[in-house]
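This report goes through the packing of one protein chain, from its overall make-up to single residues.

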Amino acid sequence: MLHSLTILLAFCAAAATVTAGPPAHAAKPAAQRAAKDTVRVYGRFEMPSVSDSTWLIDDAGGRYALEYSPAQKHALWVAWQLYSGFGHGVRTAGDPWKRDGRIPETQNIDPRNRASGAIDYKSQRMVTDTMATITYDRGHLCPSQDRTSDPEVPGDETRGRAINTQTFIFSNCSPQLPAFNRGIWEKLESCIARWGRTPGDTLYICAGGSITMPGGVALHTVPSGIAVPKYYFKAVLRKRGGSEWSAIGFWLEHRDWGRSNADFTANIGKIAVTVDQIEALTGLDLFHSLPAAIQEAAEKQKNFDDWSFIP
């Protein structure tokens with residue numbers, strides 16, 4: 001388990017797929033450049049642009065990366081790869097959630113240490129503007145089911161549990177309404193996990209909440225200081241074989257969409273967007289390590305015939 005804050009720009013050298021250097025991209029609109037071209041990390045296709053490298057954390061144990069916002073105590077985004085070697089093991093039993101020891105306690109939450117004022121939002125009932133009370137689920141950004149085995153040591157259950165445990169860190173967590181977390185968010189996770197089990201395919205995924213979007217994106221903040229996103233996104237890039245690329249995005253309002261498979265099927269067309277649309281909404285530059293022609297073509301796609309929406 002890792003217990004140190006990893007501050008880096010060169011961690012991408014350990015990735016399976018690396019580009020020789022920054023690819024040439026078409027110019028972004030000036031407003032977007034100002035928002036998102038602060039730092040670029042090249043080499044891992046799942047990685048978006050980074051606004052502050054101080055809070056760029058690469059979890060070698062769980063094999064995902066994130067950029068953390070200490071002001072909102074919430075990840076700006078979490079990015080990971082998914083292919084068949086990651087998802088054929090066992091999940092961690094019990095309640096393994098823990099504070100991220102790589103982030104100073106004053107800028108993090110600790111569900112075990114109430115004396116510090118860091119209160120676990122799962123058990124915290126919130127009073128909203130309408131005087132209604134809300135209890136949140138601990139929603140994964142990089143899903144538990146995407147990290148149940150280690151492709152480097154296939155069949156090793158001990159290692160599989162260890163890599164799965166790394167997803168139960170509060171920097172990979174978001175306060176989600178139970179109906180959302182156990183409904184459309186879980187269905188979408190399962191759908192994407194199916195895509196990731198296709199032999200020969202590799203998915204590059206980035207997920208997060210709209211906590212930095214202008215215009216009051218957070219529903220509110222829980223007492224421990226964690227922002228609650230009003231919207232969530234997922235961007236999925238798929239490499240099939242050696243040269244076939246496709247992409248699709250999802251933009252979801254944080255609300256009850258229903259929990260059944262029929263609800264998911266009825267709503268998938270409402271939440272599916274292009275990656276370009278997610279970039280316009282969030283200010284992120286997604287999949288920027290791709291060669292320009294591939295990136296531009298993939299980010300314009302929203303072809304339902306390329307994907308099977310079975311939760």
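## Burial and overall make-up

A residue is called buried when its relative accessible area is under 20%, and exposed when that area is over 50%. Asp 285, with a relative accessible area of 1%, is therefore buried. This residue is found in the loop between α5 and α6. Its C-alpha atom lies 9.5 Å from that of Val 275, and the two residues are 10 apart in sequence.

The model discussed here is predicted. Its secondary structure comes to 6 helices and 13 strands. Of the 311 residues in the protein, 53% are buried. When contacts between residues at least 6 apart in sequence are taken, 71% of them join residues at least 24 apart.

## Nonpolar cores

The largest nonpolar core holds 37 residues, and Trp 195, Val 236, Phe 250 and Phe 309 have the most contacts inside it. Two or more residues each come from the strands β2 (64-69), β3 (74-82), β8 (201-209), β11 (231-240) and β12 (244-253), and from the helices α3 (178-196) and α4 (261-271). Helix α3 gives the most, with 7 residues.

Leaving out residues up to four places away in sequence, Phe 309 touches Cys 191, Trp 195, Ile 248, Phe 250, Phe 264, Ile 268 and Phe 304. Ile 248 lies in strand β12 and is buried, with a relative accessible area of 0%. With the same exclusion of residues up to four places away, the contacts of Ile 248 include Trp 195, Val 236, Val 273, Trp 307 and Phe 309, and also Lys 234, Gln 301 and Lys 302. The C-alpha atoms of Ile 248 and Ile 278 are separated by 10.0 Å, and these residues are 30 apart along the chain.

## Packing of α3 and α4

Two packed helices are described by the angle between their axes and by the distance between those axes. For α3 and α4 the angle is about 85° and the axes are 10 Å apart. Angles of 65 to 115 degrees count as roughly perpendicular, so α3 and α4 are roughly perpendicular to each other.

Which residues meet where α3 and α4 pack? From α3 they are Ile 184, Lys 187, Leu 188 and Cys 191, and from α4 they are Asn 261, Phe 264, Asn 267 and Ile 271. The residues of this contact divide into 5 nonpolar, 2 polar and 1 charged. Phe 264 and Cys 191 are also among the residues that Phe 309 touches.

Ala 193 also has its place in helix α3. Its relative accessible area is 3%, so Ala 193 is buried. Beyond residues up to four places away in sequence, Ala 193 touches Leu 82, Gln 145 and Asp 146. Ala 193 and Gly 87 are 106 residues apart in sequence, with 7.7 Å between their C-alpha atoms.

## Aromatic pairs

The structure holds 16 aromatic pairs. One of them joins Phe 45 and Tyr 204 edge-to-face, at 5.4 Å centre to centre and with 80° between the planes. Phe 45 lies in the loop between α1 (30-36) and β1 (56-59) and Tyr 204 in strand β8, so this pair ties together parts that are 159 residues apart in sequence. Both Phe 45 and Tyr 204 are buried.

Ring pairs also link Trp 195, Phe 250, Phe 304, Trp 307 and Phe 309 into a cluster. Of these residues, Trp 195, Phe 250 and Phe 309 are among those with the most contacts inside the largest nonpolar core.

## Backbone at two loop residues

Most residues other than glycine have a negative phi. Lys 73, however, has a positive phi, near 50°. This lysine is found in the loop between β2 and β3.

Where does Phe 287 lie? Phe 287 is in the loop between α5 (275-282) and α6 (292-298), where Asp 285 is also found. Phi of Phe 287 is positive too, near 55°. At 1% relative accessibility, Phe 287 counts as buried.

Notes. Residues are numbered from 1 along each chain as its sequence is written. This is a predicted model: local features need pLDDT of at least 70, side-chain atom pairs count only at pLDDT 80 or more; totals for chains, interfaces and linings use all residues. Side-chain values use heavy atoms; hydrogens and water are left out. A nonpolar core is a set of buried Ala, Val, Leu, Ile, Met, Phe, Trp, Tyr and Cys residues joined through side-chain atoms within 4.5 Å. Buried means under 20% relative accessible area, exposed over 50%, partly exposed in between (1.4 Å probe, protein chains only). Helices (H or I, at least four residues) and strands (E, at least two) are DSSP runs, numbered from the N terminus. Contact means heavy atoms within 4.5 Å. Axes are lines fitted to C-alpha atoms, for helices over the stretch in contact, and angles run from 0 to 180 degrees between N-to-C directions. Angles under 35 degrees count as roughly parallel, over 145 as roughly antiparallel, 65 to 115 as roughly perpendicular and the rest as oblique. Ala, Val, Leu, Ile, Met, Phe, Trp, Tyr, Cys and Pro count as nonpolar, Asp, Glu, Lys and Arg as charged, and the others, Gly among them, as polar. Rings of Phe, Tyr and Trp (its six-membered ring) pair if their centres lie within 6.5 Å; planes under 30 degrees apart count as stacked, over 60 as edge-to-face and the rest as tilted.
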